[in-house]
There are 2 protein chains.
Amino acid sequence: MGEGGSQPATLADVARASGVSRQTVSNVINAPHRVRPQTRARVQEAIAALGYEPNRLAQALQAQASRLIGYRIDPMQPDSLGTIHDRFIHALAEAVQAADHQLLVFAATDQEDELRTYERLYRTGAVDGFVLYGIDHHDPRPAALVGFGAPAVAFGRTDEPTEQSWVDIDNAAGTAAAVDHLVARGHRRIGFLGWPEGSGTGDRRAAGWYQAMRRHGLLPGSADLDLRGQDSILNGAQLGLALLDRPQPPTAIVTVSDTLAVGVLQAARGRGLTVGRDLAVVGFDDTPAARVLELSSVSQPIESAAVAIVRCLLPRLPAGRGAEPGTEETPGRLLAPHLVVRASSAWSPVPG
Amino acid sequence: MGEGGSQPATLADVARASGVSRQTVSNVINAPHRVRPQTRARVQEAIAALGYEPNRLAQALQAQASRLIGYRIDPMQPDSLGTIHDRFIHALAEAVQAADHQLLVFAATDQEDELRTYERLYRTGAVDGFVLYGIDHHDPRPAALVGFGAPAVAFGRTDEPTEQSWVDIDNAAGTAAAVDHLVARGHRRIGFLGWPEGSGTGDRRAAGWYQAMRRHGLLPGSADLDLRGQDSILNGAQLGLALLDRPQPPTAIVTVSDTLAVGVLQAARGRGLTVGRDLAVVGFDDTPAARVLELSSVSQPIESAAVAIVRCLLPRLPAGRGAEPGTEETPGRLLAPHLVVRASSAWSPVPG
DNA sequence: GGTCACCATTTGAGCGTTCAAAAAGTCTGT
DNA sequence: ACAGACTTTTTGAACGCTCAAATGGTGACC
């Protein structure tokens with residue numbers, strides 16, 4: 001086990017110590033069945049004695065596979081509350097490590113720089129592929145990666161109809177679950193605060209509200225309770241006030257994000273309403289802020305998403321072992337979120 | 001520029017295309033002055049035509065330097081608000097890239113796993129060194145890394161008195177600045193909410209409050225306004241109420257973290273006080289939550305910290321160019337934070 | 001014109017690993 | 001005892017790059 005601060009042992013060192021050739025040592029590690037048990041034992045002893053571990057750089061060069069996955073972290077946008085981005089990175093790192101790869105994380109100043117970096121990292125062999133975060137339709141990044149042949153899987157759906165190129169949350173199901181929950185509590189007038197049309201993700205969350213409302217026979221009656229705006233607390237407060245000042249105000253509000261929901265909490269307070277008693281609010285993303293503020297929120301199964309992404313990516317990587325035939329099941333590309341109910345939506349408008 | 005989806009060009013390809021040997025191409029890139037201008041031009045033309053970029057794996061193997069820095073991301077603790085951890089990773093990635101390195105980010109399940117991973121990554125040549133986050137005295141990690149000779153720099157001070165092994169924020173100066181600011185606004189009774197004794201960082205922040213209070217002649221008069229508890233919003237609220245219910249309550253409260261500060265905001269609301277009008281509050285870390293809640297907070301210069309860390313690490317890395325003699329200035333190990341004043345502490349208790 | 005110094009370029013080797021093929025060893029059956 | 005069919009082990013080459021040393025060209029100087 002020992003070993004001072006000296007240079008790490010190499011295959012040749014182990015070979016010399018156990019009186020065999022380098023290749024035999026290599027075989028002991030990579031194809032033990034080819035080596036006579038007696039020799040194998042002797043070599044393994046030497047491996048343990050020298051604390052040998054194969055040099056990853058040399059393996060990478062020979063295999064033409066760095067076993068690194070590239071991932072761009074974007075600077076967080078200053079307006080919104082803490083995101084679930086950090087949860088995603090952590091989950092991704094874990095998933096990638098489970099597949100004997102590692103995560104190479106880099107920063108880019110803008111999108112042009114990002115694209116250049118993707119290409120450089122890939123062409124210099126620094127990474128074998130990429131994971132993309134926050135991708136939506138019409139994003140140029142997936143196409144650019146396909147352009148120079150880099151394997152990539154996006155979190156968020158891309159334009160490519162083909163193969164396994166993305167994994168996404170079933171956003172519509174999330175808002176629909178929020179509506180179902182509120183209806184079950186007895187709410188009939190349920191508002192929605194969303195993002196401006198055009199963001200696929202926001203549109204799908206809006207569609208979930210719309211479909212669930214229609215399913216419960218609450219449309220077109222509540223059609224005027226659907227407002228949109230940029231993702232900021234201030235906007236959430238303003239739009240929230242607009243809803244609360246309606247002649248027939250909603251008893252519950254579903255939002256497209258926790259950020260907007262926090263704004264609604266402020267608006268309610270501004271109108272003298274106690275959330276959870278006079279008004280129900282449900283956010284989206286289950287950020288730390290939601291936990292802290294006792295805000296019900298739609299939680300994305302982001303750990304499962306990371307695992308699914310890696311499962312999609314792996315077979316397309318040079319070092320991707322062909323995935324044992326038994327475990328061949330197509331990974332779900334659309335993952336179901338689940339609603340976390342907290343005090344902000346515990347209230348029922350009708351007695352009983 | 002072109003190039004389809006074919007294999008990237010190698011040094012040999014460029015050499016063939018421009019009619020010289022591999023080494024000459026290598027020299028054009030790494031030591032251009034050794035090559036006759038005419039030849040150089042021809043080779044550079046071929047490089048551009050083939051879109052050649054040196055293979056990083058091959059360089060790494062030859063140089064025995066991966067030019068990767070290892071960094072463990074820990075799962076965020078569920079209780080506190082969003083941290084500044086994500087800001088740090090981003091800043092670190094940028095700083096590392098500026099030095100022609102990259103960041104390898106990994107997850108570990110516990111500390112034992114973390115230490116094992118450090119050693120494995122280092123001994124397999126996967127990384128050249130490490131950056132440690134959230135280190136305090138008596139943390140076993142720095143010593144473990146020294147144990148197998150891996151270069152590492154910590155954010156937060158280590159036990160080693162030697163060399164450049166850490167960079168830290170001047171925590172005491174942060175809380176002191178908060179006190180100074182409040183005193184300048186006319187406050188005389190300024191409370192402090194800290195962490196339990198034993199965390200070096202928390203102790204230093206407490207010391208900053210204590211020293212500044214003494215300097216302004218407010219001690220021992222206000223000595224009973226110093227309370228401690230674990231970092232959670234609930235604790236902040238409870239300790240905040242304890243302070244506000246004193247016979248002579250404070251007019252301002254400095255906290256060791258934004259998390260506790262948010263608790264104080266809740267406590268104030270619970271007692272019918274409006275923060276910024278009846279009570280001043282200052283947090284620590286300048287998290288997104290502070291921005292959103294208009295909470296004054298001590299902001300850590302985390303981008304500068306990342307740069308300083310890389311500057312400490314670089315000369316100890318195998319690929320670390322010896323740092324041009326001109327820029328030899330010792331990087332500051334203790335960085336000054338600055339106070340961001342917002343509505344929560346805009347109030348003055350005395351007229352004028 | 002030959003020796004020397006100097007610049008430009010090439011050759012050979014090696015970083016640590018694995019693949020492919022060759023060589024050596026072991027067993028069986030006749 | 002020897003061919004054939006194994007199994008086990010070794011050799012040589014390669015991945016793409018850079019270091020160290022060798023080679024080829026130029027001109028200057030006596």
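Predicted model: local features only at pLDDT ≥ 70, side-chain atom pairs only at ≥ 80, totals over all residues.

Colleague: Okay, which residues come nearest to DNA strand C?

Modeller: There are 23 residues around DNA strand C, and those that come nearest are Leu11(A), Asn55(A), Ala58(A), Ser21(B) and Thr39(B); a residue is near a strand if its C-beta atom, placed from the backbone, lies within 6 Å of it.

Colleague: And which helices supply that surface?

Modeller: In both chain A and chain B, α2 (22-30) and α4 (56-63) each supply at least two residues of the surface near DNA strand C. The helices (H or I, at least four residues) and strands (E, at least two) are DSSP runs, numbered from the N terminus.

Colleague: How many residues of that surface are nonpolar, polar and charged?

Modeller: The surface near DNA strand C has 7 nonpolar, 12 polar and 4 charged residues, where Ala, Val, Leu, Ile, Met, Phe, Trp, Tyr, Cys and Pro count as nonpolar, Asp, Glu, Lys and Arg as charged, and the others, Gly among them, as polar.

Colleague: Now DNA strand D: which residues come nearest there?

Modeller: Around DNA strand D there are 23 residues, of which Ser21(A), Thr39(A), Leu11(B), Asn55(B) and Ala58(B) come nearest. Two or more residues of that surface come from each of α2 and α4 of chain A and α2 and α4 of chain B.

Colleague: Back to α4(B), then: which of its residues are buried?

Modeller: Arg56(B), Leu57(B), Ala60(B) and Leu61(B) are buried in α4(B), and a residue is called buried if 20 or more other C-beta atoms lie within 10 Å of its own, exposed if 12 or fewer, and partly exposed in between, with C-beta atoms placed from the backbone. Seen down the axis of α4(B), these buried residues fall within an arc of 135°, so they line one face of the helix; the arc is that of the directions from the helix axis to the C-beta atoms.

Colleague: What do those buried residues pack against?

Modeller: The buried residues of α4(B) pack against α4 of chain A. In the contact between the chains, 42 residues come from chain A and 41 residues from chain B, two residues being in contact if their C-beta atoms, placed from the backbone, lie within 7 Å. On the side of chain A that touches chain B, α5(A) gives the largest share, 7 residues.

Colleague: How do β2(A) and β2 of chain B run, parallel or antiparallel?

Modeller: They run antiparallel, with 3 bridges joining β2(A) to β2 (residues 102-106) of chain B, and two strands pair if DSSP finds at least two bridges between them. Within this pair, Val105(A) stands opposite Leu103(B).

Colleague: New topic: what is the strand order of the open sheet in chain B?

Modeller: The open sheet has 6 strands in the order β7-β6-β8-β9-β10-β12 (chain B), with mixed pairing. Its edge strands, β7 (226-228) and β12 (338-340) of chain B, each pair on one side only.

Colleague: Which helix packs on it, touching β6, β8 and β9?

Modeller: Helix α9 (residues 200-215) of chain B packs on the sheet there, and its direction makes about 170° with that of β6(B). Axes are lines fitted to C-alpha atoms, for helices over the stretch in contact, and angles run from 0 to 180 degrees between N-to-C directions.

Colleague: Last one: which peptide bonds are cis?

Modeller: One cis peptide bond joins Leu219(A) and Pro220(A), with omega about 5°, and another runs from Leu219(B) to Pro220(B), with omega near 5°. Most residues other than glycine have a negative phi, and most peptide bonds are trans.

Colleague: And where is Asp285(B) found?

Modeller: Asp285(B) is in the loop between β9 and α12 (288-293) of chain B, and has a positive phi of about 120° although it is not a glycine. Asp285(B) is also buried, with 27 other C-beta atoms within 10 Å.

Terms used:
Residues numbered from 1 in each chain as written. Chains lettered and ligands numbered in written order.
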